[in-house]
Amino acid sequence: MNHIVIPAVAVLAGALALAGCISDSDTPKPDFPLAILHINDHHSNLDEASATLRLATDASGTRSNVTVGMGGFPRVVTAINELATRHGNVLKLHAGDAITGTLYYTLTEGKSDADLMNEVCFDAMAVGNHEFDAGDAGLRSFIDDLWASPTCRTPLLSANLSLRAGSPIGSDGVRPAVVIERGGERIGIIGLTIADKTQNASRPDPGTRLLDEREAAQREIDRLHAQGIDKIVLLTHMGYAQDQALAAQLSGVNVIVGGDSHSLLGDDSLRDYGLSPVGAYPTVAADKDGNTVCIAQAWQYSAVVGELEVVFDGRGKVKSCGGQPHVLIGSTLGTLSGDALTFAQADLARQPALRVTAPNAQAASVLADYTRQVTDFGAEAVANAQTNLCLRRVPGTARDGSRSRLAGCNDDPHVIAHGGDVQQLVAEAFLRQGQRFGGADISLQNGGGVRVDLAMGTVTVGNIYTVLPFKNTLVALDMSGAEIRAALEDAMQSVVAGNTGSYPYAGALRWQVDLRQPRGSRISALEHRNAGGSWVALDDSARYRVITNDFIADGQDGYTTLGTISGERRTDTFLAYADAFLRYALDNPVLARPATADFSTQVFIDTP
């Protein structure tokens, strides 16, 4: 006779079950796989951008710079649609800052973004700080555009948002969290918005407040757990470093899908291709109780779709997390042909993070309508220049570095003495933009970042973007007077070494230059225009908020000191620097050379 041996534990469990001590609900459930497809910080970047990858183009593996098309929202739509078919349980999430950054936003105030986002139909979106750039009413308008679709109503989430009484956002506009069911399991998604930056560097209405992120998150986690929901996703707009710190302070969080810091995550092998990941995708951390937390982010500007794969065990804990960031590129690889093209295509095939992706036809059709509007908008007049606004990188005659195309500019005594009119005007525009978003005492711009002058007469939107053609954004730096002085000396050293594009222009800051002096002693009579409009000596020990572009804030163009300002002393606004000048022109439709007293260079003496 065959005997079946039943373990003693099983006998005991059966007896307890018969006695009513163990219910079916106490039996562990099977593992639950979940795929999260996500983007963040697309900032109205709806078009494909031109980018450079380093690809192997011969049998030896020699890498060459190859121009490719990267991103564009129609590619995002294609990628999310195709990746979703790989998985049974899928969430589609946006981690905030959908708007502000290109002419699409300037023209449509977010409607173009909403229409493209509805081609994906995200399951939830975190409220980013830039969603408040036009106040509570601006966010409400964006919500209405998102919800205008008859087939999609993406919930906007922020658990730490406290609205003023009577805010136009209303009680239905933004929720703390949403619960979504997939595969018979309920998943809680909690939104968080970076508090300090939103309060102080965006424009929520007076009385609308952003509360402590950790406290709000834990409160919502506990509320959802009380409802029996054991799978928790934080959809945050706080930054990669902040997400890692937050995970360790919370109990019960499983996944954090983030934004705000524009962080590219991925394998170090991406560096071979000219990309610079700042951490692993996903980054595996632990919560306050030692349980696994999966953290992911998807870079910026419609360039990446993250594919985060999480497996939950039967108790709702993370059993494993993996996945892949997908950098979306076009199939055309520069001007490569023949064997070079074959080798480059093979190199791409070896890197799973680089995904050749065709634009979605329907999304491309939606975008084309807005692109025509933007093209027409580029021809619109926004201001009138009273005189020629001349270009000149460096005052004097020996180092001008860029020649004006306008008659009379190159011999203009004022330009020779004080530098470029258009560079000084751009610096003033940056100062004004900084004062609108969080405050600014001083602005700083490198002369080479301004590319052309403005002729007397009509100034169009297209002219503005030709003056400032790069994808630079504005950064606010908390600096001492001594550090500002050191940064200017850095720039002068770079100019002496032959880089005329480093020459500085500033708003509310002026100085005298003598390039005959040794390094560190070329700037004198350094003065700041205070809030009352008076010029006073810059105080080396005082603190100033400096608005500048991200290129020199990263220490480029010789601005070494600026590159050392980091952490809480640096705020990346991600506001486009060209848009700052456009807004200035719209507010000041008659553009004129600034007063001589406001020019940053008051006296310039070149080397013999």
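Mentor: One term before we start: a cavity is a set of grid points where a 1.4 Å probe fits but cannot get out, and its lining residues have an atom within 4 Å of a point. Also, keep in mind that this is a predicted model.

Trainee: Okay. How many cavities of 30 Å³ or more does a search of the whole structure find?
Mentor: Two. The largest cavity holds about 40 Å³ of space, and the second largest cavity about 30 Å³.

Trainee: Which residues line the largest cavity?
Mentor: I442, L444, M479, I484, A487, L509, V546 and L562. Strand β20 (442-446) and helix α15 (481-496) are the elements that give two or more residues to that lining.

Trainee: What about the second largest cavity, what lines that?
Mentor: A429, R432, Q433, R436, A580, R583, Y584 and D587. Here α13 (421-436) and α17 are the elements giving two or more residues.

Trainee: Switching to pockets. What volume does the second largest pocket have?
Mentor: About 520 Å³. Its lining has 25 residues, and G101, T102, L103, Y465 and K471 lie nearest the centre.

Trainee: Which elements give two or more residues to the lining of that second largest pocket?
Mentor: α3 (103-108), α11 (361-378), α14 (461-467), β28 (570-576) and α17 (577-587). The largest share, three residues, comes from α14. By class, the lining of this pocket has 15 nonpolar, seven polar and three charged residues.

Trainee: Now the open sheet of six strands. What's the strand order?
Mentor: β9-β10-β12-β13-β15-β14, with mixed pairing. The edge strands are β9 (177-182) and β14 (283-286), each pairing on one side only. On average, neighbouring strands are turned by 25 degrees against each other, direction ignored.

Trainee: How many bridges join β12 to β13?
Mentor: Three, between β12 (residues 232-237) and β13 (residues 255-258), and the two strands run parallel. L235 stands opposite V257 in β13.

Trainee: Which strands does α8 touch where it packs on the sheet?
Mentor: Helix α8 (residues 213-226) touches β9, β10 (185-193) and β12, and its direction makes about 165 degrees with that of β10.

Trainee: And α9, what does that touch?
Mentor: Helix α9 (residues 240-247) also packs on the sheet, touching β10, β12, β13, β14 and β15 (292-297). The direction of α9 makes about 170 degrees with that of β15.

Terms used: Residues numbered from 1 in each chain as written. Predicted model: local features only at pLDDT ≥ 70, side-chain atom pairs only at ≥ 80, totals over all residues. Heavy atoms only, no water. Pairing = 2+ DSSP bridges. Helix = DSSP H or I, 4+ residues; strand = E, 2+ residues; numbered from the N terminus. Axes fitted to C-alpha atoms, helices over the stretch in contact; angles between N-to-C directions. Contact = heavy atoms within 4.5 Å. 1 Å grid on protein atoms, 1.4 Å probe; cavity = no way out; pocket = protein on both sides within 12 Å on 5 of 7 lines; lining within 4 Å. Points joined across faces, edges and corners; volume = space filled by probe spheres on them. Nonpolar A, V, L, I, M, F, W, Y, C, P; charged D, E, K, R; others polar.
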